[in-house]
Protein chains: 2
Amino acid sequence: MSILVVGSVAFDDVTSPSGTMKNILGGAATYFSLAASYFTQVRVVAVVGEDFGAEHEAVFTKRNIDIRGIEHASGKTFRWGGHYSDNLNEAKTTFTDLNVFESFHPQIPKEYEDTEFLFLANIQPTLQANVRRNMNGVQLTGCDTMNYWIKGARTELAETLKLVNVLLINDTEVKMLAHETNLPRAAQKVLAMGPQALVIKHGEYGATIFFREGAFGIGRHPFRAPTLPIEEVKDPTGAGDSFAGGFMGYIASQEILNREVLKRALFYGGVMGSFAVERFGTERLQLLTREEIDARFQVFRELTHLE
Amino acid sequence: MSILVVGSVAFDDVTSPSGTMKNILGGAATYFSLAASYFTQVRVVAVVGEDFGAEHEAVFTKRNIDIRGIEHASGKTFRWGGHYSDNLNEAKTTFTDLNVFESFHPQIPKEYEDTEFLFLANIQPTLQANVRRNMNGVQLTGCDTMNYWIKGARTELAETLKLVNVLLINDTEVKMLAHETNLPRAAQKVLAMGPQALVIKHGEYGATIFFREGAFGIGRHPFRAPTLPIEEVKDPTGAGDSFAGGFMGYIASQEILNREVLKRALFYGGVMGSFAVERFGTERLQLLTREEIDARFQVFRELTHLE
(Lines give C-alpha, C1' and ligand atoms only; values in the text may rest on other atoms or scores of the structure.)
Protein backbone atom coordinates (compact mmCIF):
# COMPACT_ATOMS: atom_id res chain seq x y z
CA MET A 1 0.00 0.00 0.00
CA SER A 2 1.12 3.59 -0.41
CA ILE A 3 2.24 6.15 2.13
CA LEU A 4 2.28 9.91 1.86
CA VAL A 5 4.78 12.05 3.73
CA VAL A 6 4.29 15.78 4.17
CA GLY A 7 7.35 17.67 5.37
CA SER A 8 10.52 19.52 4.49
CA VAL A 9 13.05 19.08 1.72
CA ALA A 10 16.22 20.98 2.52
CA PHE A 11 19.85 21.56 1.77
CA ASP A 12 22.04 21.07 4.83
CA ASP A 13 25.54 22.13 5.85
CA VAL A 14 26.72 19.61 8.41
CA THR A 15 29.86 19.50 10.53
CA SER A 16 30.60 16.47 12.69
CA PRO A 17 33.80 14.94 14.10
CA SER A 18 34.00 13.08 10.74
CA GLY A 19 34.20 16.27 8.67
CA THR A 20 32.14 18.97 6.97
CA MET A 21 29.71 18.63 4.06
CA LYS A 22 27.89 21.52 2.42
CA ASN A 23 24.68 21.72 0.38
CA ILE A 24 23.70 18.12 0.95
CA LEU A 25 20.15 17.12 0.18
CA GLY A 26 18.24 16.64 3.43
CA GLY A 27 14.98 17.51 5.15
CA ALA A 28 12.55 15.29 7.03
CA ALA A 29 10.51 14.32 3.95
CA THR A 30 13.68 13.29 2.10
CA TYR A 31 15.02 11.02 4.85
CA PHE A 32 11.56 9.62 5.54
CA SER A 33 10.74 8.82 1.94
CA LEU A 34 14.08 7.20 1.16
CA ALA A 35 13.83 4.99 4.27
CA ALA A 36 10.20 4.06 3.56
CA SER A 37 10.90 3.36 -0.13
CA TYR A 38 12.49 -0.01 0.76
CA PHE A 39 9.12 -1.20 2.05
CA THR A 40 6.32 0.41 0.06
CA GLN A 41 5.22 3.00 -2.54
CA VAL A 42 6.02 6.50 -1.21
CA ARG A 43 4.50 9.84 -2.18
CA VAL A 44 5.85 13.23 -1.11
CA VAL A 45 4.28 16.62 -0.51
CA ALA A 46 6.90 19.32 0.04
CA VAL A 47 8.16 22.59 -1.40
CA VAL A 48 11.51 23.32 -3.04
CA GLY A 49 13.10 26.38 -4.67
CA GLU A 50 14.83 27.03 -7.97
CA ASP A 51 18.07 25.53 -6.65
CA PHE A 52 16.44 22.08 -6.57
CA GLY A 53 17.56 20.47 -9.82
CA ALA A 54 17.28 17.29 -11.83
CA GLU A 55 20.10 15.64 -9.85
CA HIS A 56 18.09 16.13 -6.63
CA GLU A 57 14.88 14.83 -8.21
CA ALA A 58 16.82 11.77 -9.28
CA VAL A 59 17.59 10.88 -5.64
CA PHE A 60 13.84 10.34 -5.19
CA THR A 61 12.92 8.90 -8.56
CA LYS A 62 15.71 6.31 -8.50
CA ARG A 63 13.95 4.88 -5.45
CA ASN A 64 10.58 5.04 -7.27
CA ILE A 65 9.33 7.78 -4.97
CA ASP A 66 6.41 9.72 -6.41
CA ILE A 67 7.34 13.42 -6.33
CA ARG A 68 4.35 14.88 -8.15
CA GLY A 69 3.47 16.51 -4.82
CA ILE A 70 6.74 18.45 -4.60
CA GLU A 71 5.86 22.07 -5.34
CA HIS A 72 8.44 24.21 -7.11
CA ALA A 73 8.36 27.80 -5.84
CA SER A 74 10.42 30.83 -6.78
CA GLY A 75 13.27 31.45 -4.40
CA LYS A 76 15.63 29.17 -2.56
CA THR A 77 15.01 25.79 -0.90
CA PHE A 78 15.00 25.60 2.91
CA ARG A 79 18.59 25.60 4.19
CA TRP A 80 19.88 24.42 7.55
CA GLY A 81 23.32 24.32 9.08
CA GLY A 82 24.26 22.18 12.06
CA HIS A 83 27.28 21.21 14.06
CA TYR A 84 27.78 18.01 16.07
CA SER A 85 30.54 17.82 18.63
CA ASP A 86 31.68 14.62 20.33
CA ASN A 87 28.23 14.18 21.78
CA LEU A 88 26.59 13.10 18.57
CA ASN A 89 23.14 13.09 20.12
CA GLU A 90 22.59 16.81 19.83
CA ALA A 91 23.04 19.23 16.92
CA LYS A 92 23.88 22.88 17.43
CA THR A 93 22.05 24.81 14.74
CA THR A 94 24.38 27.29 13.06
CA PHE A 95 21.74 28.79 10.74
CA THR A 96 18.17 28.24 9.53
CA ASP A 97 17.02 29.89 6.30
CA LEU A 98 13.40 28.88 5.82
CA ASN A 99 13.23 30.42 2.32
CA VAL A 100 10.33 28.88 0.32
CA PHE A 101 9.43 26.67 3.31
CA GLU A 102 8.29 29.76 5.27
CA SER A 103 5.06 30.02 3.29
CA PHE A 104 4.58 26.27 2.71
CA HIS A 105 0.91 25.34 2.48
CA PRO A 106 0.76 21.66 1.69
CA GLN A 107 -1.39 20.89 -1.36
CA ILE A 108 -2.42 17.28 -1.82
CA PRO A 109 -2.46 16.33 -5.53
CA LYS A 110 -5.65 14.63 -6.70
CA GLU A 111 -3.61 11.52 -7.56
CA TYR A 112 -2.60 11.18 -3.90
CA GLU A 113 -6.10 11.21 -2.44
CA ASP A 114 -6.36 7.41 -2.30
CA THR A 115 -3.21 7.07 -0.13
CA GLU A 116 -3.78 4.61 2.74
CA PHE A 117 -1.05 5.75 5.13
CA LEU A 118 0.02 9.25 6.09
CA PHE A 119 3.05 10.64 7.88
CA LEU A 120 3.00 14.23 9.08
CA ALA A 121 6.65 15.14 9.49
CA ASN A 122 7.65 18.01 11.75
CA ILE A 123 5.83 21.11 10.42
CA GLN A 124 3.51 23.65 12.04
CA PRO A 125 0.74 21.66 13.83
CA THR A 126 -2.20 23.44 12.16
CA LEU A 127 -0.77 22.61 8.73
CA GLN A 128 -0.47 18.99 9.90
CA ALA A 129 -4.11 18.97 11.04
CA ASN A 130 -5.32 20.47 7.75
CA VAL A 131 -3.56 17.78 5.73
CA ARG A 132 -5.07 15.07 7.89
CA ARG A 133 -8.56 16.52 7.51
CA ASN A 134 -8.15 16.50 3.72
CA MET A 135 -7.17 12.83 3.62
CA ASN A 136 -10.37 11.01 4.49
CA GLY A 137 -9.40 7.58 3.22
CA VAL A 138 -6.32 7.24 5.40
CA GLN A 139 -6.09 4.07 7.53
CA LEU A 140 -3.33 5.21 9.86
CA THR A 141 -1.63 8.55 10.46
CA GLY A 142 1.79 8.96 12.03
CA CYS A 143 3.01 12.31 13.29
CA ASP A 144 6.24 13.95 14.42
CA THR A 145 6.73 17.30 16.17
CA MET A 146 9.45 19.16 18.06
CA ASN A 147 10.20 21.28 21.13
CA TYR A 148 9.56 24.48 19.16
CA TRP A 149 5.87 23.59 18.61
CA ILE A 150 5.42 21.97 22.03
CA LYS A 151 6.45 25.26 23.62
CA GLY A 152 5.08 27.73 21.10
CA ALA A 153 1.98 26.08 19.62
CA ARG A 154 0.70 23.80 22.36
CA THR A 155 -3.00 24.46 21.70
CA GLU A 156 -2.66 23.83 17.97
CA LEU A 157 -0.58 20.72 18.61
CA ALA A 158 -3.22 19.37 21.01
CA GLU A 159 -5.80 19.67 18.20
CA THR A 160 -3.49 17.80 15.79
CA LEU A 161 -2.89 15.01 18.30
CA LYS A 162 -6.62 14.23 18.35
CA LEU A 163 -6.36 13.39 14.63
CA VAL A 164 -3.34 11.08 14.60
CA ASN A 165 -2.95 7.39 15.44
CA VAL A 166 0.75 7.22 16.27
CA LEU A 167 2.94 10.02 17.58
CA LEU A 168 6.73 9.58 17.25
CA ILE A 169 8.84 11.85 19.47
CA ASN A 170 11.94 11.59 21.66
CA ASP A 171 12.44 11.38 25.44
CA THR A 172 12.90 15.11 25.95
CA GLU A 173 9.88 15.98 23.84
CA VAL A 174 7.50 13.54 25.55
CA LYS A 175 8.48 14.86 28.98
CA MET A 176 8.02 18.44 27.82
CA LEU A 177 4.67 17.68 26.19
CA ALA A 178 3.34 15.89 29.29
CA HIS A 179 4.89 18.24 31.88
CA GLU A 180 6.10 15.03 33.55
CA THR A 181 9.66 13.73 34.04
CA ASN A 182 8.79 10.06 34.62
CA LEU A 183 8.72 8.37 31.22
CA PRO A 184 5.87 5.82 31.66
CA ARG A 185 3.68 8.44 33.33
CA ALA A 186 4.51 10.98 30.61
CA ALA A 187 3.57 8.36 28.01
CA GLN A 188 0.16 7.79 29.59
CA LYS A 189 -0.54 11.53 29.65
CA VAL A 190 0.34 11.92 25.97
CA LEU A 191 -1.80 8.92 25.00
CA ALA A 192 -4.70 10.60 26.79
CA MET A 193 -4.29 13.55 24.39
CA GLY A 194 -5.33 11.47 21.39
CA PRO A 195 -2.91 9.00 19.80
CA GLN A 196 -3.57 5.27 20.18
CA ALA A 197 0.15 4.57 20.25
CA LEU A 198 3.18 6.60 21.20
CA VAL A 199 6.69 5.83 19.97
CA ILE A 200 9.39 7.32 22.17
CA LYS A 201 12.82 7.41 20.56
CA HIS A 202 15.78 6.96 22.91
CA GLY A 203 18.60 7.82 20.49
CA GLU A 204 21.27 5.13 20.50
CA TYR A 205 19.27 2.97 22.95
CA GLY A 206 16.37 2.31 20.61
CA ALA A 207 12.72 3.16 21.06
CA THR A 208 9.68 2.16 23.11
CA ILE A 209 6.10 1.97 21.92
CA PHE A 210 3.34 2.60 24.45
CA PHE A 211 -0.26 1.67 23.63
CA ARG A 212 -3.56 3.01 24.79
CA GLU A 213 -5.54 0.29 26.56
CA GLY A 214 -6.90 -2.00 23.87
CA ALA A 215 -5.36 -0.17 20.89
CA PHE A 216 -4.14 -2.57 18.17
CA GLY A 217 -4.45 -5.50 20.61
CA ILE A 218 -5.01 -6.54 24.19
CA GLY A 219 -3.72 -4.76 27.30
CA ARG A 220 -1.25 -1.92 27.39
CA HIS A 221 2.17 -3.58 27.72
CA PRO A 222 4.81 -1.42 26.08
CA PHE A 223 7.42 -2.83 23.73
CA ARG A 224 11.04 -1.87 23.25
CA ALA A 225 13.18 -2.24 20.14
CA PRO A 226 16.80 -1.76 21.10
CA THR A 227 19.41 -0.65 18.63
CA LEU A 228 23.08 -1.27 18.83
CA PRO A 229 25.17 1.89 18.81
CA ILE A 230 27.35 1.62 15.73
CA GLU A 231 31.09 2.15 15.58
CA GLU A 232 31.08 4.84 12.92
CA VAL A 233 28.53 7.63 13.28
CA LYS A 234 29.34 10.16 10.56
CA ASP A 235 26.21 12.35 10.58
CA PRO A 236 23.23 11.93 12.92
CA THR A 237 21.06 14.30 10.85
CA GLY A 238 17.84 12.62 9.75
CA ALA A 239 18.12 9.62 12.09
CA GLY A 240 14.65 10.29 13.56
CA ASP A 241 13.05 10.81 10.14
CA SER A 242 14.70 7.64 8.81
CA PHE A 243 13.41 5.81 11.89
CA ALA A 244 9.90 7.07 11.08
CA GLY A 245 10.34 6.00 7.45
CA GLY A 246 11.29 2.46 8.42
CA PHE A 247 8.52 2.27 11.01
CA MET A 248 5.71 3.64 8.84
CA GLY A 249 6.99 2.04 5.64
CA TYR A 250 6.97 -1.42 7.20
CA ILE A 251 3.45 -0.88 8.58
CA ALA A 252 2.21 0.23 5.14
CA SER A 253 3.70 -2.91 3.58
CA GLN A 254 1.68 -5.28 5.75
CA GLU A 255 -1.75 -6.79 5.07
CA ILE A 256 -2.89 -6.47 8.66
CA LEU A 257 -2.36 -3.96 11.44
CA ASN A 258 -1.82 -5.39 14.92
CA ARG A 259 0.68 -5.20 17.75
CA GLU A 260 3.00 -7.80 16.27
CA VAL A 261 3.26 -5.66 13.12
CA LEU A 262 3.90 -2.52 15.20
CA LYS A 263 6.63 -4.34 17.18
CA ARG A 264 8.42 -5.40 14.01
CA ALA A 265 7.94 -1.90 12.63
CA LEU A 266 9.71 -0.52 15.71
CA PHE A 267 12.71 -2.74 14.94
CA TYR A 268 12.71 -1.63 11.30
CA GLY A 269 12.64 1.98 12.47
CA GLY A 270 15.80 1.41 14.49
CA VAL A 271 17.42 -0.37 11.56
CA MET A 272 16.80 2.51 9.13
CA GLY A 273 17.94 5.09 11.68
CA SER A 274 21.16 3.18 12.24
CA PHE A 275 21.90 3.03 8.51
CA ALA A 276 21.18 6.73 8.02
CA VAL A 277 23.92 7.90 10.39
CA GLU A 278 26.67 5.81 8.80
CA ARG A 279 27.28 8.35 6.01
CA PHE A 280 26.73 12.07 5.53
CA GLY A 281 23.26 13.09 4.39
CA THR A 282 21.17 10.45 2.63
CA GLU A 283 24.12 8.71 0.99
CA ARG A 284 23.65 5.43 2.85
CA LEU A 285 19.85 5.44 2.45
CA GLN A 286 20.16 5.79 -1.31
CA LEU A 287 22.21 2.64 -1.76
CA LEU A 288 20.73 0.00 0.53
CA THR A 289 19.26 -3.36 -0.37
CA ARG A 290 16.36 -5.08 1.34
CA GLU A 291 18.78 -7.93 2.13
CA GLU A 292 21.07 -5.58 4.08
CA ILE A 293 18.05 -4.19 5.91
CA ASP A 294 16.76 -7.61 6.90
CA ALA A 295 20.23 -8.75 7.96
CA ARG A 296 20.46 -5.83 10.38
CA PHE A 297 16.92 -6.52 11.58
CA GLN A 298 18.17 -9.99 12.57
CA VAL A 299 21.23 -8.52 14.35
CA PHE A 300 19.01 -6.19 16.38
CA ARG A 301 16.62 -9.05 17.14
CA GLU A 302 19.48 -11.28 18.31
CA LEU A 303 20.78 -8.42 20.44
CA THR A 304 18.10 -9.06 23.06
CA HIS A 305 16.85 -12.53 22.18
CA LEU A 306 17.08 -15.13 24.96
CA GLU A 307 16.97 -18.82 23.98
CA MET B 1 27.87 -21.72 44.90
CA SER B 2 28.96 -18.82 47.08
CA ILE B 3 29.88 -15.26 46.22
CA LEU B 4 31.95 -12.80 48.19
CA VAL B 5 31.44 -9.06 47.94
CA VAL B 6 34.03 -6.58 49.19
CA GLY B 7 32.82 -3.01 49.49
CA SER B 8 31.19 -0.35 51.61
CA VAL B 9 28.47 -0.49 54.22
CA ALA B 10 27.12 2.98 54.90
CA PHE B 11 24.39 5.10 56.39
CA ASP B 12 22.80 7.41 53.84
CA ASP B 13 20.75 10.59 53.99
CA VAL B 14 18.73 10.71 50.79
CA THR B 15 16.47 13.42 49.39
CA SER B 16 14.47 12.75 46.24
CA PRO B 17 11.24 14.18 44.81
CA SER B 18 9.50 11.49 46.92
CA GLY B 19 10.85 12.82 50.24
CA THR B 20 13.78 12.69 52.62
CA MET B 21 15.10 9.74 54.63
CA LYS B 22 17.98 9.93 57.08
CA ASN B 23 20.37 7.29 58.44
CA ILE B 24 19.20 4.55 56.13
CA LEU B 25 21.38 1.50 55.79
CA GLY B 26 23.15 1.59 52.43
CA GLY B 27 26.54 1.12 50.83
CA ALA B 28 27.53 -0.90 47.77
CA ALA B 29 28.15 -4.16 49.68
CA THR B 30 24.72 -3.90 51.33
CA TYR B 31 22.76 -3.42 48.10
CA PHE B 32 24.85 -6.03 46.31
CA SER B 33 24.53 -8.70 48.95
CA LEU B 34 20.77 -8.27 49.43
CA ALA B 35 20.19 -8.49 45.67
CA ALA B 36 22.49 -11.51 45.27
CA SER B 37 20.95 -13.27 48.28
CA TYR B 38 17.89 -14.25 46.21
CA PHE B 39 20.14 -16.40 44.00
CA THR B 40 22.99 -17.82 46.03
CA GLN B 41 24.97 -17.85 49.31
CA VAL B 42 26.52 -14.41 49.91
CA ARG B 43 29.51 -13.44 52.04
CA VAL B 44 30.50 -9.87 52.88
CA VAL B 45 33.80 -8.17 53.67
CA ALA B 46 33.30 -4.58 54.82
CA VAL B 47 33.93 -2.30 57.79
CA VAL B 48 31.40 -0.67 60.11
CA GLY B 49 31.59 1.57 63.16
CA GLU B 50 30.08 1.48 66.61
CA ASP B 51 26.80 2.91 65.28
CA PHE B 52 26.16 -0.34 63.38
CA GLY B 53 23.87 -2.29 65.66
CA ALA B 54 21.98 -5.55 65.90
CA GLU B 55 19.06 -4.16 63.87
CA HIS B 56 21.45 -3.49 60.98
CA GLU B 57 23.05 -6.92 61.25
CA ALA B 58 19.58 -8.40 61.09
CA VAL B 59 19.01 -6.90 57.62
CA PHE B 60 21.78 -9.19 56.39
CA THR B 61 21.20 -12.24 58.51
CA LYS B 62 17.47 -12.39 57.70
CA ARG B 63 18.55 -12.98 54.12
CA ASN B 64 21.09 -15.61 55.25
CA ILE B 65 24.01 -13.39 54.29
CA ASP B 66 27.25 -14.40 55.98
CA ILE B 67 28.62 -11.30 57.77
CA ARG B 68 31.59 -12.84 59.55
CA GLY B 69 33.73 -10.69 57.23
CA ILE B 70 32.23 -7.41 58.46
CA GLU B 71 34.89 -5.80 60.63
CA HIS B 72 33.76 -3.68 63.57
CA ALA B 73 36.06 -0.68 64.09
CA SER B 74 35.98 2.13 66.63
CA GLY B 75 34.38 5.27 65.29
CA LYS B 76 31.47 5.87 62.99
CA THR B 77 30.32 4.00 59.91
CA PHE B 78 30.79 5.63 56.48
CA ARG B 79 28.08 8.26 55.92
CA TRP B 80 26.89 9.72 52.66
CA GLY B 81 24.27 12.32 51.83
CA GLY B 82 22.75 12.77 48.40
CA HIS B 83 20.06 14.74 46.67
CA TYR B 84 18.14 13.77 43.52
CA SER B 85 16.19 16.40 41.64
CA ASP B 86 13.72 15.66 38.87
CA ASN B 87 16.47 14.05 36.83
CA LEU B 88 16.69 10.90 38.90
CA ASN B 89 19.71 9.64 37.00
CA GLU B 90 22.20 11.74 38.88
CA ALA B 91 22.80 12.31 42.59
CA LYS B 92 24.27 15.50 43.94
CA THR B 93 26.43 14.53 46.90
CA THR B 94 25.70 16.77 49.87
CA PHE B 95 28.34 15.22 52.16
CA THR B 96 30.74 12.27 52.40
CA ASP B 97 32.11 11.25 55.80
CA LEU B 98 34.39 8.27 55.18
CA ASN B 99 34.85 7.62 58.92
CA VAL B 100 36.02 4.01 59.52
CA PHE B 101 35.95 3.37 55.74
CA GLU B 102 38.92 5.72 55.26
CA SER B 103 41.38 3.15 56.60
CA PHE B 104 39.55 0.07 55.31
CA HIS B 105 41.95 -2.74 54.49
CA PRO B 106 39.85 -5.72 53.50
CA GLN B 107 40.68 -8.87 55.44
CA ILE B 108 39.38 -12.14 54.03
CA PRO B 109 38.32 -14.51 56.82
CA LYS B 110 39.74 -18.02 56.56
CA GLU B 111 36.20 -19.39 56.21
CA TYR B 112 35.75 -17.36 53.02
CA GLU B 113 38.83 -18.65 51.19
CA ASP B 114 36.88 -21.33 49.29
CA THR B 115 34.48 -18.78 47.75
CA GLU B 116 33.97 -19.45 44.01
CA PHE B 117 32.77 -16.01 42.88
CA LEU B 118 34.04 -12.58 43.84
CA PHE B 119 32.68 -9.10 43.40
CA LEU B 120 34.93 -6.12 43.99
CA ALA B 121 32.58 -3.23 44.62
CA ASN B 122 33.74 0.33 44.13
CA ILE B 123 36.77 0.81 46.42
CA GLN B 124 40.35 1.95 45.80
CA PRO B 125 41.72 -0.15 42.89
CA THR B 126 44.85 -1.38 44.69
CA LEU B 127 42.69 -2.72 47.53
CA GLN B 128 40.57 -4.47 44.89
CA ALA B 129 43.68 -6.03 43.32
CA ASN B 130 45.00 -7.20 46.68
CA VAL B 131 41.74 -8.96 47.50
CA ARG B 132 41.75 -10.69 44.11
CA ARG B 133 45.35 -11.85 44.56
CA ASN B 134 44.42 -13.37 47.92
CA MET B 135 41.51 -15.36 46.47
CA ASN B 136 43.20 -18.02 44.37
CA GLY B 137 40.28 -20.39 44.06
CA VAL B 138 37.92 -17.88 42.50
CA GLN B 139 36.26 -18.92 39.22
CA LEU B 140 35.04 -15.50 38.14
CA THR B 141 35.65 -11.99 39.43
CA GLY B 142 33.36 -9.04 38.79
CA CYS B 143 34.48 -5.48 39.42
CA ASP B 144 32.99 -2.01 39.68
CA THR B 145 34.76 1.34 39.79
CA MET B 146 33.91 5.03 39.42
CA ASN B 147 34.97 8.33 37.83
CA TYR B 148 37.02 9.23 40.91
CA TRP B 149 39.40 6.28 40.41
CA ILE B 150 39.37 6.49 36.60
CA LYS B 151 40.65 10.04 36.88
CA GLY B 152 42.79 9.80 40.00
CA ALA B 153 44.13 6.22 40.04
CA ARG B 154 44.26 5.20 36.40
CA THR B 155 47.53 3.24 36.70
CA GLU B 156 46.33 1.30 39.72
CA LEU B 157 42.97 0.66 38.07
CA ALA B 158 44.71 -0.67 34.93
CA GLU B 159 46.52 -3.22 37.12
CA THR B 160 43.24 -4.29 38.72
CA LEU B 161 41.53 -4.69 35.34
CA LYS B 162 44.11 -7.33 34.36
CA LEU B 163 42.86 -9.47 37.25
CA VAL B 164 39.10 -9.33 36.69
CA ASN B 165 36.82 -11.24 34.33
CA VAL B 166 33.86 -8.87 34.13
CA LEU B 167 33.89 -5.11 34.62
CA LEU B 168 30.54 -3.41 35.30
CA ILE B 169 30.46 0.36 34.72
CA ASN B 170 28.15 2.95 33.19
CA ASP B 171 28.21 4.83 29.87
CA THR B 172 30.04 7.87 31.21
CA GLU B 173 32.63 5.77 32.98
CA VAL B 174 33.44 3.55 30.00
CA LYS B 175 33.94 6.57 27.75
CA MET B 176 36.16 8.22 30.33
CA LEU B 177 38.18 5.05 30.88
CA ALA B 178 38.71 4.50 27.15
CA HIS B 179 39.19 8.18 26.20
CA GLU B 180 36.66 7.45 23.45
CA THR B 181 33.13 8.80 22.99
CA ASN B 182 31.82 6.08 20.66
CA LEU B 183 30.40 3.32 22.84
CA PRO B 184 31.29 0.18 20.85
CA ARG B 185 34.81 1.47 20.23
CA ALA B 186 35.19 2.42 23.90
CA ALA B 187 34.05 -1.09 24.83
CA GLN B 188 36.71 -2.70 22.65
CA LYS B 189 39.41 -0.52 24.21
CA VAL B 190 38.35 -1.43 27.74
CA LEU B 191 38.22 -5.15 26.88
CA ALA B 192 41.81 -4.83 25.63
CA MET B 193 42.76 -3.68 29.14
CA GLY B 194 41.98 -7.09 30.65
CA PRO B 195 38.38 -8.12 31.27
CA GLN B 196 36.84 -10.84 29.11
CA ALA B 197 33.45 -9.20 29.33
CA LEU B 198 32.29 -5.64 29.91
CA VAL B 199 28.84 -4.73 31.19
CA ILE B 200 27.84 -1.16 30.38
CA LYS B 201 24.88 0.09 32.37
CA HIS B 202 22.59 2.56 30.57
CA GLY B 203 20.44 3.64 33.52
CA GLU B 204 16.74 3.32 32.71
CA TYR B 205 17.50 1.84 29.26
CA GLY B 206 19.12 -1.34 30.54
CA ALA B 207 22.61 -2.63 29.96
CA THR B 208 24.81 -4.09 27.22
CA ILE B 209 27.41 -6.81 27.62
CA PHE B 210 30.39 -6.79 25.26
CA PHE B 211 32.64 -9.84 24.98
CA ARG B 212 36.24 -10.27 24.06
CA GLU B 213 36.55 -12.44 20.94
CA GLY B 214 35.94 -16.00 22.03
CA ALA B 215 35.28 -15.25 25.72
CA PHE B 216 32.52 -17.45 27.19
CA GLY B 217 31.47 -18.52 23.65
CA ILE B 218 31.88 -17.88 19.96
CA GLY B 219 32.34 -14.50 18.27
CA ARG B 220 31.95 -11.14 19.90
CA HIS B 221 28.33 -10.17 19.37
CA PRO B 222 27.17 -7.95 22.22
CA PHE B 223 23.90 -8.49 24.04
CA ARG B 224 21.43 -5.98 25.47
CA ALA B 225 19.03 -6.47 28.36
CA PRO B 226 16.52 -3.63 28.31
CA THR B 227 14.67 -2.53 31.39
CA LEU B 228 11.39 -0.77 31.50
CA PRO B 229 11.50 2.57 33.30
CA ILE B 230 9.10 2.21 36.21
CA GLU B 231 6.36 4.62 37.17
CA GLU B 232 7.48 5.22 40.73
CA VAL B 233 11.19 5.83 41.31
CA LYS B 234 11.58 6.75 44.99
CA ASP B 235 15.34 6.48 45.48
CA PRO B 236 17.87 5.58 42.77
CA THR B 237 20.65 5.00 45.33
CA GLY B 238 22.14 1.53 45.01
CA ALA B 239 20.57 0.73 41.62
CA GLY B 240 23.96 -0.11 40.11
CA ASP B 241 25.03 -2.26 43.07
CA SER B 242 21.70 -4.08 43.04
CA PHE B 243 22.17 -4.63 39.30
CA ALA B 244 25.59 -6.15 40.03
CA GLY B 245 24.07 -8.31 42.80
CA GLY B 246 21.43 -9.73 40.47
CA PHE B 247 23.95 -10.24 37.68
CA MET B 248 26.68 -11.89 39.75
CA GLY B 249 24.24 -13.73 42.02
CA TYR B 250 22.51 -15.39 39.07
CA ILE B 251 25.88 -16.39 37.55
CA ALA B 252 26.99 -17.92 40.85
CA SER B 253 23.76 -19.93 41.03
CA GLN B 254 24.37 -21.71 37.70
CA GLU B 255 26.19 -24.98 37.08
CA ILE B 256 27.83 -23.76 33.89
CA LEU B 257 29.24 -20.48 32.71
CA ASN B 258 28.54 -19.55 29.09
CA ARG B 259 27.05 -16.68 27.10
CA GLU B 260 23.49 -17.82 27.57
CA VAL B 261 24.00 -17.67 31.35
CA LEU B 262 25.59 -14.22 31.08
CA LYS B 263 22.67 -13.00 28.95
CA ARG B 264 20.12 -14.15 31.51
CA ALA B 265 22.30 -12.66 34.26
CA LEU B 266 22.13 -9.31 32.47
CA PHE B 267 18.33 -9.45 32.59
CA TYR B 268 18.40 -10.39 36.30
CA GLY B 269 20.70 -7.42 36.91
CA GLY B 270 18.13 -5.09 35.39
CA VAL B 271 15.35 -6.74 37.38
CA MET B 272 17.11 -6.24 40.73
CA GLY B 273 18.07 -2.66 39.88
CA SER B 274 14.46 -1.86 39.01
CA PHE B 275 13.21 -3.27 42.32
CA ALA B 276 15.82 -1.39 44.34
CA VAL B 277 14.65 2.06 43.23
CA GLU B 278 10.99 1.48 44.11
CA ARG B 279 11.51 2.26 47.80
CA PHE B 280 14.01 4.25 49.85
CA GLY B 281 17.22 2.45 50.77
CA THR B 282 17.13 -1.33 50.76
CA GLU B 283 13.49 -1.61 51.85
CA ARG B 284 12.29 -3.25 48.65
CA LEU B 285 15.31 -5.58 48.40
CA GLN B 286 14.69 -6.90 51.89
CA LEU B 287 11.17 -8.09 51.17
CA LEU B 288 11.20 -9.68 47.73
CA THR B 289 10.35 -13.21 46.73
CA ARG B 290 11.95 -15.24 43.98
CA GLU B 291 8.51 -15.45 42.35
CA GLU B 292 8.29 -11.64 42.11
CA ILE B 293 11.81 -11.56 40.66
CA ASP B 294 11.05 -14.19 38.03
CA ALA B 295 7.76 -12.51 37.12
CA ARG B 296 9.59 -9.25 36.39
CA PHE B 297 12.25 -11.19 34.46
CA GLN B 298 9.42 -12.38 32.20
CA VAL B 299 8.06 -8.84 31.81
CA PHE B 300 11.50 -7.57 30.76
CA ARG B 301 11.92 -10.51 28.40
CA GLU B 302 8.50 -9.87 26.79
CA LEU B 303 9.41 -6.20 26.45
CA THR B 304 11.63 -6.97 23.44
CA HIS B 305 10.52 -10.45 22.41
CA LEU B 306 9.28 -10.81 18.82
CA GLU B 307 7.10 -13.81 17.95
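View 1. Of the 5 residues of β1(A), 5 are buried, so the strand is largely enclosed by the rest of the structure; buried denotes under 20% relative accessible area (1.4 Å probe, protein chains only), and strands are DSSP runs (E, at least two residues) numbered from the N terminus. S2(A), L4(A) and V6(A) point one way from β1(A), whereas I3(A) and V5(A) point the other way. The model is predicted, with local features requiring pLDDT of at least 70 and side-chain atom pairs pLDDT 80 or more. Residues are numbered from 1 along each chain as its sequence is written.

**View 2. Partner strands of β1(A).** A parallel arrangement with β4 (residues 41-48) of chain A is joined by 5 bridges, and Q41(A) is the bridge partner of S2(A). On β8(A), also parallel to β1(A), 4 bridges are found, with I3(A) opposite F117(A). Two strands count as paired if DSSP finds at least two bridges between them.

**View 3. The open sheet of chain A.** Its 9 strands follow the order β5-β4-β1-β8-β9-β10-β11-β12-β13, with mixed pairing. Strands β5 (66-72) and β13 (223-225) stand at the edges with a single partner strand each, so one side of each has no neighbour in the sheet. The twist averages 15° from one strand to the next, taken between N-to-C directions of lines fitted to C-alpha atoms, on a scale from 0 to 180 degrees.

**View 4. β8(A) beside β9(A), with helix α8(A).** The parallel strands β8 (residues 117-120) and β9 (residues 140-143) of chain A share 4 bridges, and F119(A) stands opposite G142(A). Helix α8 (residues 239-252) of chain A packs on the sheet, touching strands including β8 and β9, and its direction makes about 170° with that of β8(A). Contact means heavy atoms within 4.5 Å, and helices are DSSP runs (H or I, at least four residues).

Definitions and conventions. Chains lettered and ligands numbered in written order. Heavy atoms only, no water. Buried < 20%, exposed > 50% of the residue type's maximum accessible area, 1.4 Å probe, protein only.
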